[in-house]
Amino acid sequence: MPIDNFAAMRQSIIDGAPDQAASLAKQALAQGAAPLEVIDQGFVPGMSEVGEQFAQHKIFLPDMLASAEAMKAAMGVLEPELKRQGSERPMAGTVVLGTAKGDIHEIGKTLVGTLLTAHGFRVHDLGVDVSGEQFAAKAREVAADVVGVSALLTTTMRGQRSVIETLDREGLRPRIKVIVGGAPVTRRWAEEIGADGYGKDAQSAVALVKSLLDKHAVADRAGAEAHIVCG
Ligand code: B1M
């Protein structure tokens, strides 16, 4: 994919232009580009720039919202293709996914879910602003192997800890593994709250879930436990 196209994609997000973003995404797919490359190299840099400008008070909440709408328009084109590419794969495990209580950031979490689906996992996406109790109820209902909790705010990272505490309290761990991720989340935080792993981005989240489930199978046999970090 030519660099000019990536620059235009990035700009469509900064401009908060959903039609332009969707049209660039369609063009890229028509030219045979890989959807994940388009997301990571074309559109996500636009979101990062918007985040920096917001932090420096150069733009304000409505601008960030417009950029998020543009990002969602691009994802609306690219995510079905990502899923389609993985649709022939066998079922690899069940994941319950959501964004922590009090947090409404959904784009990164949804991308993690799409990529997991593309890799053969059955994903139950609970959306945003999800409590520990909601995670636990769904995990029990669908016999989840993994619960994934996204958080984009330093204040809502605490919600990740509370999901783990709820699952512990309800006796669902260690059978169910918990992974955490999101821009402010670190490996250290994951270790501190007793998560089973941390994914830096959507691709490492997939690698992490795969290794956890592999290790889980081994651990079941050996009576041991595993803690993994990807990315
Ligand atoms: Co908000 N916001 N926001 N925001 N927002 C950030 C996160 C911020 C860093 C911007 C900034 O100040 N620089 C800042 C947080 C500061 C902090 O706490 N550290 C911030 C703030 C302050 C706020 C508000 C408080 C603003 C206000 O109201 N004054 C408010 C909070 C609302 C709330 O949640 N209660 C708010 C609101 C919003 C919008 C609604 C306008 C919008 C979200 C719209 C939506 O999602 N529908 C928004 C946006 C768009 C952003 C930025 C610009 C972009 C986030 C994004 O979508 N990135 C963001 C700045 C930034 O991150 N650079 C910012 C693209 C996405 C693909 O990346 O989400 O990081 P990301 O996901 C990645 C990885 O993190 C990882 O994989 C993904 C794909 O690679 N990952 C996981 C994510 N979840 C994972 C889970 C895993 C594993 C990996 O396992 C379970």
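Domain bounds here come from an automatic or database domain assignment, and on that basis the protein is divided into domain 1, residues 3-86, and domain 2, residues 93-230. The model is predicted, and in this model the centres of domain 1 and domain 2, taken over C-alpha atoms, are separated by 25 Å.

**Domains and their contact**

- Between the two domains, 12 residues of domain 1 are in contact with 9 residues of domain 2.

**The shell around the ligand**

- The ligand is surrounded by 35 residues, of which G51, I104, H105, E106 and S150 are the closest.
- Sorted by class, this shell holds 20 nonpolar residues, 11 polar residues and 4 charged residues.

**Polar atoms facing the ligand**

- A polar backbone atom of G51, a residue that also belongs to the closest group around the ligand, is 2.9 Å from a nitrogen atom of the ligand.
- On the side-chain side, a polar atom of D103 lies 3.4 Å from an oxygen atom of the ligand.
- For A183 the atom concerned is a backbone N or O atom, which lies 3.3 Å from an oxygen atom of the ligand.

**G182 and its surroundings**

- G182 is found in the loop that runs between β4 and α8 (187-193).
- Leaving aside residues up to four places away in sequence, G182 touches S150, A151 and L152, and S150 is itself one of the residues closest to the ligand.
- G182 and V209 are 27 residues apart along the chain, and their C-alpha atoms are separated by 15 Å.

**Backbone geometry to check**

- The peptide bond that joins R173 and P174 is cis, with omega at about 5°, and P174 has its place in the loop between α7 (157-169) and β4.
- D129, a residue other than glycine, has a positive phi near 60°, and its place is in the loop between β2 (121-125) and α6 (132-142).

Definitions and conventions. Residues are numbered from 1 along each chain as its sequence is written. This is a predicted model: local features need pLDDT of at least 70, side-chain atom pairs count only at pLDDT 80 or more; totals for chains, interfaces and linings use all residues. Side-chain values use heavy atoms; hydrogens and water are left out. A residue is near a molecule or strand if one of its heavy atoms lies within 4 Å of it. A polar contact is a pair of N or O atoms within 3.5 Å; within protein, one must be able to donate a hydrogen and the other to accept it, and residues adjacent in sequence count only if both atoms are side-chain atoms. Ala, Val, Leu, Ile, Met, Phe, Trp, Tyr, Cys and Pro count as nonpolar, Asp, Glu, Lys and Arg as charged, and the others, Gly among them, as polar. Helices (H or I, at least four residues) and strands (E, at least two) are DSSP runs, numbered from the N terminus. Contact means heavy atoms within 4.5 Å.
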